[in-house]
Amino acid sequence: MKALETLGRWIEDRTGIWEALVRLARHPVPGKVGWSYVFGSATLTAFLLQVATGITLATVYTPSSGQAYESLQFITHKALLGNFLRGLHAFGASAMVVLIGIHMIRVFLHAAYKYPREVSWISGVLLLGLTLAMGFTGQLLRWDQNAVWSLVVAAEQAGRAPFIGKLLAHFLLAGEVVGGATLSRFFAFHVFFIPALIFALVGLHLFLVLRNGISEPPAEAGPVDPATYREQYQQRLDRDGKPFFPHAAWRDLVFGAAVILVVGVLAATVGPPPLGKPPDPTIVQADPRPDWYLLWYFAVLALLPHGTEKVLIVLLPAVAGLGLLLVPFLSNRGERRPSKRPWAVASVIAILTMVGSLTILGYQSPWSPDFDPPPLPDRVVGEVGAQAAHGAMLFHQRGCENCHRVGGFGGERGPELTRVADRLTRREMVLRILNGGHNMPAFASILDPDQVDALVAFLETRKAPGTEALPRTSGADPEPTTGSPTDPG
Amino acid sequence: MTHETETTDRDEGLLGPLNRRKAIGWLSAGLAALAATLVGVPVIGFLFAPLLEKSPEVWRAVGPVDGFKIGETTEVIFKDPSPLPWAGQVGKRGAWLRRQDREQFVAFSINCAHLGCPVRWMAEAKLFMCPCHGGVYYADGKVAAGPPPRGLARYDVRLRGGQVEIHTGPIPIT
């Protein structure tokens with residue numbers, strides 16, 4: 001015991017580490033910081049969890065295009081606690097994204113980015129970008145079918161950049177195609193390159209916290225005036241500042257631990273994202289989707305107005321990123337209380353609503369065809385004549401059902417046709433089928449006239465119960481129909 | 001006395017004409033720059049090598065001519081022109097091959113012209129459909145619906161010794 005004490009004293013005398021740590025821990029923070037201040041440190045906690053679990057996974061994971069999938073199968077199904085570790089790493093990633101988002105919103109609503117903390121905000125925005133980059137490259141390391149195709153999508157997007165697009169795309173793919181060199185490149189990005197940048201920026205971020213102090217709750221501080229702010233901050237700190245440890249640190253500790261516990265419970269109960277089909281680029285039965293935090297962007301890519309995407313695909317992310325970086329330069333002084341900054345509150349609500357609804361749309365992805373819809377069952381088709389029944393079969397076979405919904409079956413790419421006869425005449429239907437529309441193929445060269453007749457005969461039976469079909473303006477009479485008996489709508 | 005000399009010397013080093021101290025300063029900086037270049041050039045060159053190398057394009061046989069029915073579109077699989085030894089299944093390539101008549105074959109890239117997802121041939125509907133953002137193409141590869149800015153990319157096809165051969169190419173970047 002005595003020897004240990006002597007050793008400790010020797011180390012402290014020669015290094016002064018303990019003294020430095022104590023000084024850091026006891027640095028004064030504004031007296032009234034509360035629970036809203038825990039999200040930054042919680043993000044860091046989630047990052048450290050990622051470092052720990054990531055390094056562990058890397059001891060077995062094989063970053064080779066030909067073997068990564070098998071090594072992940074091994075980690076997931078055979079390695080001791082491998083499944084749990086993957087779960088920790090996956091939910092840790094989600095936690096990090098969520099927490100950095102909340103932290104950023106908190107900072108924005110409290111206008112903590114104003115003088116003198118502009119660089120804290122900028123480094124934070126860069127960290128947000130790097131966090132998303134880690135999420136995306138991490139998804140790629142899963143190296144299943146979804147990963148391969150997500151990577152192709154990313155390369156194609158990069159390919160839209162002006163002038164250097166093609167070079168950028170080939171830089172990402174490590175060649176002109178997805179191949180042996182691709183995965184190890186992303187492994188190096190995910191494991192060395194991006195984390196190194198994150199460490200550097202976290203270092204800067206924390207250094208700035210110490211240098212400029214954490215911002216007081218807006219109500220305490222009053223409007224920011226760069227001429228007097230630092231002086232006033234120091235005065236307030238002298239008056240009612242408290243040492244970071246334990247007054248603020250205990251909340252960080254409790255919340256950080258809670259985050260890890262929640263991640264642990266989710267990892268144990270829900271488990272990691274399942275591995276998809278193998279990364280064989282010749283398996284075309286694929287349904288590539290990004291992980292949840294990029295689904296909103298996936299939706300954006302599907303919904304960009306036709307013709308604008310060549311520009312917007314690069315411009316939108318660039319403007320969004322630049323906009324975030326410039327926030328502190330739009331206004332770095334004045335009022336900080338959210339109640340006095342309605343535009344700030346409104347923009348947070350607008351962005352959350354937008355990202356939220358795009359995410360929901362991304363989940364549903366109604367623009368994607370339903371590739372394997374079952375044939376329309378009898379209860380949906382109802383009692384119709386032979387021609388219309390044949391039409392119902394064609395509706396399934398000839399691709400209509402891939403994009404159109406009838407009675408709860410089929411895709412959602414095109415308009416629902418459960419009651420199409422209530423709004424389109426026979427003539428309109430024929431024209432639409434033959435000529436297509438701006439988002440519908442023209443079937444003139446695909447279907448023969450008898451098939452079109454049968455299809456239209458079927459569609460004419462699709463109407464609300466008890467209503468007459470719209471008057472026909474041309475064409476032969478279809479099967480006589482009375483109100484469709486089944487129409488679950 | 002010594003102290004004074006040093007001060008003068010430093011002033012000259014910063015502002016005065018080239019002297020020994022300044023020369024050594026530049027020399028040191030130059031040496032450091034040389035060392036940095038020595039590390040930087042190979043690092044950057046290695047990272048960017050894929051941009052400089054063009055992957056070879058070769059003809060790959062994808063099956064006997066008689067194996068394809070006229071009017072049908074089927075997926076064909078062939079090997080990457082120069083797969084790395086550890087590429088495994090990622091060294092495989094796919095294409096949609098359509099036999100138009102006795103002599104005419106057309107090979108389409110399986111990558112959607114929108115953002116590269118694999119399009120599926122729907123034989124009954126005679127359409128290619130993309131699972132990602134809803135792109136649709138006709139049997140001849142022309143855009144039928146959705147966001148793709150152009151039709152499906154094509155590979156060259158030739159018939160040699162009773163075999164259909166495809167001229168390999170990169171993933172088309174729109």
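Two residues are in contact if their C-beta atoms, placed from the backbone, lie within 7 Å. By this criterion, and leaving aside neighbours within four places in sequence, Ala95(B) is in contact with Val76(B), Ala107(B), Phe108(B), Ser109(B), Ile110(B), Tyr155(B) and Ile166(B). The structure is a predicted model.

**Fold of chain B**

- Chain B contains two helices and 11 strands.
- Along the sequence, these elements of chain B follow the pattern α-α-β-β-β-β-β-β-β-β-β-β-β.
- Chain B comprises 174 residues, of which 37% count as buried.
- When contacts in chain B between residues at least 6 apart in sequence are considered, 45% join residues at least 24 apart.

**Four-stranded sheet of chain B**

- Four strands of chain B form an open sheet with the order β5-β6-β7-β8 and antiparallel pairing.
- The edges of this sheet are β5 and β8 of chain B; each has a single partner strand, so one side of each is left without a neighbour in the sheet.
- On average, neighbouring strands of this sheet are turned by 35° against each other, direction ignored.
- Opposite Met129(B) stands Val136(B), a residue of β7(B).

**Three-stranded sheet of chain B**

- An open sheet of three strands in chain B has the order β1-β11-β10, and its pairing is antiparallel.
- β10(B) and β11 (residues 163–167) of chain B run antiparallel and are joined by four bridges.
- Arg158(B) has Glu165(B), in β11(B), as its bridge partner.

**Contact between chains A and B**

- Chain A contributes 54 residues to the contact, and chain B contributes 46 residues.
- On the side of chain B that touches chain A, at least two residues each come from α2 (20–52), β2 (73–79), β3 (92–99), β5 (120–122), β6 (127–129), β7 (136–138) and β8 (143–145) of chain B.
- The residues on this side of chain B divide by class into 28 nonpolar, 11 polar and seven charged.

**Nonpolar cores**

- In soluble globular proteins, nonpolar side chains tend to be buried together.
- The largest nonpolar core in this model has 113 residues, and those with the most contacts inside it are Ala95(B) and Ala107(B).
- Helix α5 (residues 82–109) of chain A gives the most to this core, supplying 13 residues.
- A second, separate core has 27 residues, including Cys400(A), Leu424(A), Phe458(A) and Leu459(A).

- Chain A is divided into domain 1 (20–364) and domain 2 (369–489).
- The centres of domain 1 and domain 2 of chain A, taken over C-alpha atoms, are separated by 47 Å.
- Helix α15 (residues 309–330) of chain A holds Leu324(A).
- Leu324(A) has 18 other C-beta atoms within 10 Å; a residue is buried at 20 or more and exposed at 12 or fewer, so Leu324(A) counts as partly exposed.
- In sequence, Leu324(A) and Ser123(A) are 201 residues apart, while in space they are 11 Å apart, C-alpha to C-alpha.

Key. Residues numbered from 1 in each chain as written. Chains lettered and ligands numbered in written order. Predicted model: local features only at pLDDT ≥ 70, side-chain atom pairs only at ≥ 80, totals over all residues. Nonpolar A, V, L, I, M, F, W, Y, C, P; charged D, E, K, R; others polar. Core = buried A, V, L, I, M, F, W, Y, C linked by C-beta atoms within 7 Å. Domains from an automatic or database assignment. Pairing = 2+ DSSP bridges. Axes fitted to C-alpha atoms, helices over the stretch in contact; angles between N-to-C directions.
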